[in-house]
Amino acid sequence: MGHYGRVVAHASQTSSAAPDPVSGARSRTPGGYLDAASTAPLHPAAREALLTALDDGWGDPSRRYHQARRARLLLDAARESVAARIGARPDEVSFTGSGTQAVGLGVGGLVRGRDRVGRRVLSSAVEHSSVLHAAQAAVGDEARTVAVDELGRVDLGALRVAVAEPGVVLVALQTANHEVGTRQPVAAAAELCAAHGVPLLVDAAQSAGRDPLPEGWSVLTASSHKWGGPAGVGVLAVRTGVRWRSTSPEGALEQGRVPGFVDVPAVVAAAAALEAVERERPRESARLAALVDRLRARVPELVPDAVVLGDPRDRLPHLVTFSFLYVDGEALLADLDRAGFAVSSGSSCVADSLQPSHVLAAMGALTHGNLRVSLPAGVAADDVDRFLEVLPDVVARVRATLGTAGL
Amino acid sequence: MSGSQLPAHDRLLDERGQRCPLPVIALARMTTALPGARLLLLSDDAAAETDVPAWCRLRHRTLAWVGDSPDGRGRAYLVVPLAASGPAEL
């Protein structure tokens, strides 16, 4: 993990409570927080639902007294709500302790369910590290990756060949890339998988609440804190009829798929946040996509030797990544933090492992001087404009300390 | 594309121990100073594996050869002007 080093948001930064000049909406997030792809601030609807559910939903939903029934009612309502928004039936949806746990259980259960077929797990080379690690943990050397193009999109030709080989137990493909925003061809991948009877696991962590979710998945996973719900809630949806067998030795809850006691208040808050962001999504996605278009167009004009990564059009609405030649990613993040902006980077100097991001490496993109900007829902347009004002000087200062003028 | 021998070159840049973006900056500096030279960069920085080819595309240079350093410490990258071609094989 740790490919995306984080800069902690400035608590001291003045909150931009001023109405947004474009939408007229008040920004919910602290000014300068542009790292929503790492985690989104709690949506007000989630906060409200959480406080109510802490009082009403603490009982054990599997018991038979009135406190338990209240918790069960809240949990069932949350499940129906989330199921409707991700295109699933309620009995297909289980809540987990995190998005990573959902991925681990999803991969593990599919591998176990098809252990008579083989052990090969295929993932795109740019999956989230939780997917790559889950595949590795489940099948070791039989975890294989499928190449991507320079935009970070999986090579469907290579997938077509790989999925036709014997012994493939599952294919994992994200809805869209978490580092560069490129949408993946999930519908086409689903067709290839269906033709060979191979289940498709779709990691929707970056798209849920942000972008329409695709159909054709066998297992879908998502994570509440990415859409403005609380941390500690993941979603694992398993399509009816898919061969999935629990890997948990414990008596599992949540439709027999997840070990451990479910956090009902947090699940209720997660569902409330998803409802709220989905209501706002058509208008908000268009607004954020326009702000990202502005960033994609202006940054290369304002900063010399800036590379814009990812697909310019077929992409997530809220996320864009740049690499700046001859820039030290760590210094860039630190300087931007001092200027009040929280962003992240896939450069090796920012990672705990000192390895560059596997996503950027798979794309063949410049990995140093890397900067990911991801807009929280409700971000003020003024934040993006201020960022564009500050960025050229910050990059120039970092380059000046390295003495790279004229190179 | 590996071997214990290094290909012919005009200048050797031993940037081992330097982290990104310093090896690429060293390569860029030497390229500016000696535009026609065949430069051999040694680097043990993991980012160089991706960043040297990416820099060559951005600055229109040819990455003519990549292999392991003869002593096993890091990798060697032969970078030459776009028109020139490096040895395909040793």
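Me: What makes a residue of this predicted model count as buried?
Reply: A residue is buried if 20 or more other C-beta atoms lie within 10 Å of its own. In strand S7 of chain A, Val219(A), Thr221(A) and Ser223(A) point one way and Leu220(A) and Ala222(A) the other way, and all are buried. Each of these residues therefore meets the cut-off of 20 or more other C-beta atoms within 10 Å.

Me: Why is S7(A) called largely enclosed?
Reply: The strand covers residues 219-223, and five of the five are buried, so S7(A) is largely enclosed by the rest of the structure.

Me: How do you know that S7(A) pairs with S6(A) and with S8(A)?
Reply: Two strands pair if DSSP finds at least two bridges between them. S6(A) and S7(A) have three bridges, in the parallel sense. S7(A) and S8(A) have five bridges, in the antiparallel sense. Both values reach the cut-off, so both count as pairs.

Me: Why are S2(A) and S4(A) said to stand at the edges?
Reply: The sheet is open and has seven strands, in the order S2-S8-S7-S6-S5-S3-S4 of chain A, with mixed pairing. S2 (93-96) and S4 (143-146) each have a single partner strand, so one side of each is left without a neighbour in the sheet. Neighbouring strands of this sheet are turned by 20 degrees against each other on average, direction ignored.

Me: What makes S2(A) and S8(A) a pair?
Reply: They are joined antiparallel over four bridges, and the cut-off is at least two, so they pair. One of the residues involved is Val93(A), whose bridge partner in S8(A) is Ala237(A).

Me: What covers the buried residues of helix H4(A)?
Reply: The cover includes helix H3 (99-113) and strands S3, S4, S5 and S6 of chain A. H4, residues 129-139, lies across S3, S4, S5 and S6 of chain A, running at about 170 degrees to S3(A). The buried residues in H4(A) are Ser130(A), Val131(A), Leu132(A), Ala134(A), Ala135(A), Ala138(A) and Val139(A). Just after this helix, Gly140(A) takes a positive phi of about 60 degrees.

Me: How do you know that domain 1 and domain 2 of chain A touch?
Reply: Residues are in contact if their C-beta atoms lie within 7 Å. The contact takes 28 residues from domain 1 of chain A and 31 residues from domain 2 of chain A. On the side of domain 1, the elements that give two or more residues are helix H7 (264-302), strand S10 (319-324) and helix H9 (358-363) of chain A. H9(A) gives the most, with four residues. By class, this side of domain 1 has 14 nonpolar, nine polar and five charged residues.

Me: What makes up the contact of chain A with chain B?
Reply: It takes 22 residues from chain A and 16 residues from chain B. The side of chain A has 12 nonpolar, nine polar and one charged residues.

Me: Which pattern does chain B follow along its sequence?
Reply: The pattern is β-α-β-α-β-β, from two helices and four strands. Of the 90 residues in chain B, 39% are buried. Among its contacts between residues at least 6 apart in sequence, 62% join residues at least 24 apart.

Methods
Residues are numbered from 1 along each chain as its sequence is written. Chains are lettered from A and ligands numbered from 1 in the order in which they are written. This is a predicted model: local features need pLDDT of at least 70, side-chain atom pairs count only at pLDDT 80 or more; totals for chains, interfaces and linings use all residues. A residue is buried if 20 or more other C-beta atoms lie within 10 Å of its own, exposed if 12 or fewer, and partly exposed in between; C-beta atoms are placed from the backbone. Two residues are in contact if their C-beta atoms, placed from the backbone, lie within 7 Å. Ala, Val, Leu, Ile, Met, Phe, Trp, Tyr, Cys and Pro count as nonpolar, Asp, Glu, Lys and Arg as charged, and the others, Gly among them, as polar. Axes are lines fitted to C-alpha atoms, for helices over the stretch in contact, and angles run from 0 to 180 degrees between N-to-C directions.
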